[in-house]
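This report examines a single protein model. Please view the sequence and the structure together before reading on.

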Amino acid sequence: MKTISPQLIITALISVATMALVPVLVSSVAANEVTIGLVRVVIACLVLTPLLLWHKSFNRLTRNDWLFLLLIGMIFGLHWWTYFYAIKNSTPSLGALSLTTYGIHLVWINWLLSAQRPKLSDVFAVLLCFCGCIIVVPSADISNQITQAFLVGVFSGLLYALLPFLHKKVQHLPTTVRSWGQFSFAGLFFLFFWPQTDWQLSMNDWQLLLVLGVVSTLIAHTLWVKVSTELPSILVSAFYYLYIPIAMALSYCFLNEEMTAAKLLGAALIVASCLLGIIFPALRDNKNIEN
């Protein structure tokens, strides 16, 4: 069995912690969803584009590659917009929780693509996630703004779950090229909404956007690529779901967000359902391989 280095564990924790800053930063900055998205993708592209041009990475792309990168970027852009909307119109922790349902989306998308009958644990995971979502929203009334925002966040989780399947279609491309396509074409998505941008921001807002762009986009995503590549998939999933308690703790400490018993219980059910939906299939697959 391969030994996991302490440095890799620390890297995973740093990566998750920097990603968990996003809900708090998005909620704190005065900029709207389109402005936040544009700033983040511009910072990422300013770093990645010169590197790819230097290595002449674009010369090897086919028409099909460009089309898939365009699709990935558009879906990623819509994912970001809906995620930022969910955070700004509910609370940081509820926004983070709504996105976390992507693990359950992965389960049923896998059912459709693999045409396999769902296992009992898969069905239980979906029901558990559904119960958690009902518990965390303040009202079952769809007209409630926070409930609406949470549902938008769940849709954002669906978009996020689609991305790995799309990336597999162009997995022959280097990670840097796929990342560039994801960010650059997401920037094109946000440009469609340019009239909605608001650049009348304070110095504090610009500082928060800089942290979002550098720390929570470039650094966090780069570290996560390393971690998700070198750690076992089950451990990667477990580390990812530390995102929720860290995001909730940051929101409680810095924004004084109330953490009710219902919210904590619902969060526990959502995280448990997603871990159940990801880890159990992985354990089954390992057992089948060993047999």
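The model is predicted, and every value given here is computed from it.

**Contact between two helices**

Helix α4 spans residues 63–89 and helix α5 spans residues 92–100. Their axes come within 7 Å and cross at roughly 145°. On the α4 side, the contact is made by H79, Y83, A86 and I87. The α5 side contributes P92, G95, A96, S98 and L99. Sorted by class, the residues of this contact comprise 6 nonpolar and 3 polar ones, with no charged residues.

**The second largest pocket**

The volume of the second largest pocket is about 270 Å³. Its lining consists of 17 residues, and those closest to the centre are F130, C133, F150, L151 and V154. Three helices, α6 (102–114), α7 (120–136) and α8 (145–169), each supply at least two residues of this lining. The most is given by α7, with 5 residues. By class, the lining has 13 nonpolar and 4 polar residues, and no charged ones.

**Aromatic residues**

The model contains 16 aromatic pairs. Two of them are set out in the table.

| Pair | Distance between ring centres | Angle between planes | Arrangement |
|---|---|---|---|
| W180 and F185 | 6.1 Å | 75° | edge-to-face |
| W194 and W199 | 5.8 Å | 40° | tilted |

The W180 and F185 pair counts as edge-to-face because its planes stand at 75°, and an angle over 60 degrees places a pair in that class. Both W180 and F185 are buried.

One aromatic cluster is formed by F76, W80, Y83, F84 and F183. Y83 belongs to this cluster and also takes part in the contact of α4 with α5.

Is S57 buried or exposed? S57 lies in the loop between α3 (33–54) and α4. Its relative accessible area is 8%, so S57 is buried, the limit for that class being under 20%. Leaving aside residues up to four places away in sequence, S57 touches L52 and V177.

How values were computed
Residues are numbered from 1 along each chain as its sequence is written. This is a predicted model: local features need pLDDT of at least 70, side-chain atom pairs count only at pLDDT 80 or more; totals for chains, interfaces and linings use all residues. Side-chain values use heavy atoms; hydrogens and water are left out. Axes are lines fitted to C-alpha atoms, for helices over the stretch in contact, and angles run from 0 to 180 degrees between N-to-C directions. Helices (H or I, at least four residues) and strands (E, at least two) are DSSP runs, numbered from the N terminus. Contact means heavy atoms within 4.5 Å. Ala, Val, Leu, Ile, Met, Phe, Trp, Tyr, Cys and Pro count as nonpolar, Asp, Glu, Lys and Arg as charged, and the others, Gly among them, as polar. On a 1 Å grid over the protein atoms alone, a cavity is a set of points where a 1.4 Å probe fits but cannot get out, and a pocket is an open set with protein on both sides within 12 Å along at least five of seven lines; lining residues have an atom within 4 Å of a point. Grid points are joined across faces, edges and corners, and a volume is the space filled by probe spheres set on the points. Rings of Phe, Tyr and Trp (its six-membered ring) pair if their centres lie within 6.5 Å; planes under 30 degrees apart count as stacked, over 60 as edge-to-face and the rest as tilted. Buried means under 20% relative accessible area, exposed over 50%, partly exposed in between (1.4 Å probe, protein chains only).
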